Amino acid sequence: IQRMCINKSKINIPKLLIDILTTLQDSGYKPYLVGGCVRDFILKKAVKDFDIEVFGIENLENLKLILEKYTKVYDIGKKITKNLILIFLFKKKKKK
């Protein structure tokens with residue numbers, strides 16, 4: 001099994017996210033950072049948020065249980081097809 005390489009000297013990944021990525025990987029999933037965090041890193045901008053794409057999902061409830069160890073999970077919408085499971089998660093915005 002190929003382990004992901006988390007090099008904190010290249011991108012400032014919060015410890016909580018590293019813990020989540022490691023737990024996902026240890027559970028047999030393949031998590032990847034995607035989206036704006038990758039773009040911002042390449043453009044040498046401050047990374048404001050992190051998007052994760054997770055491969056190897058066979059059971060959505062197992063993934064949800066893992067994520068619930070770290071934070072509340074909100075099911076906004078999900079779509080399940082033969083080879084693809086999409087789950088939309090969000091974090092509530094802080095009140096100003």
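Colleague: The part in question is helix H3, residues 60-68. Which of its residues are buried?

Modeller: What follows is a walk through that helix and its surroundings. Keep in mind that this is a predicted model. Buried in H3 are Leu60, Leu63, Lys64, Ile66 and Leu67. They sit on the same side of the helix, because they span an arc of only 160° around the axis.

Next, the N-terminal end. Asn59 caps H3 there. One of its side-chain oxygens lies 2.8 Å from the backbone nitrogen of Glu61.

Now the core. The largest nonpolar core has 10 residues. Leu60, Leu63, Ile66 and Leu67 belong to it, along with Ile20, Leu24, Tyr29, Val54, Ile57 and Val73. Helix H1 (15-26) and H3 each supply at least two of its residues. H3 gives the most, with four. Ile66 shows the links across the fold. Beyond neighbours within four places in sequence, Ile66 is in contact with Thr23, Leu24, Ser27 and Tyr29. A second, separate core has five residues, including Ile11, Ile13, Leu17 and Leu21.

The rings of Tyr32 and Phe55 have centres 5.7 Å apart and planes at 80°, so the pair is edge-to-face. Tyr32 lies in strand S1 (residues 30-34) and Phe55 in strand S2 (residues 51-55), so the pair ties together parts 23 residues apart in sequence. Tyr32 is partly exposed, at 45% relative accessible area. Phe55 is also partly exposed, at 40%.

Technical notes
Residues numbered from 1 in each chain as written. Predicted model: local features only at pLDDT ≥ 70, side-chain atom pairs only at ≥ 80, totals over all residues. Heavy atoms only, no water. Buried < 20%, exposed > 50% of the residue type's maximum accessible area, 1.4 Å probe, protein only. Arc of directions from axis to C-beta. Polar contact = N/O pair within 3.5 Å; in protein donor to acceptor, adjacent residues only side chain to side chain. Phe/Tyr/Trp six-rings, centres within 6.5 Å; stacked < 30°, edge-to-face > 60°. Core = buried A, V, L, I, M, F, W, Y, C linked by side-chain atoms within 4.5 Å. Contact = heavy atoms within 4.5 Å.
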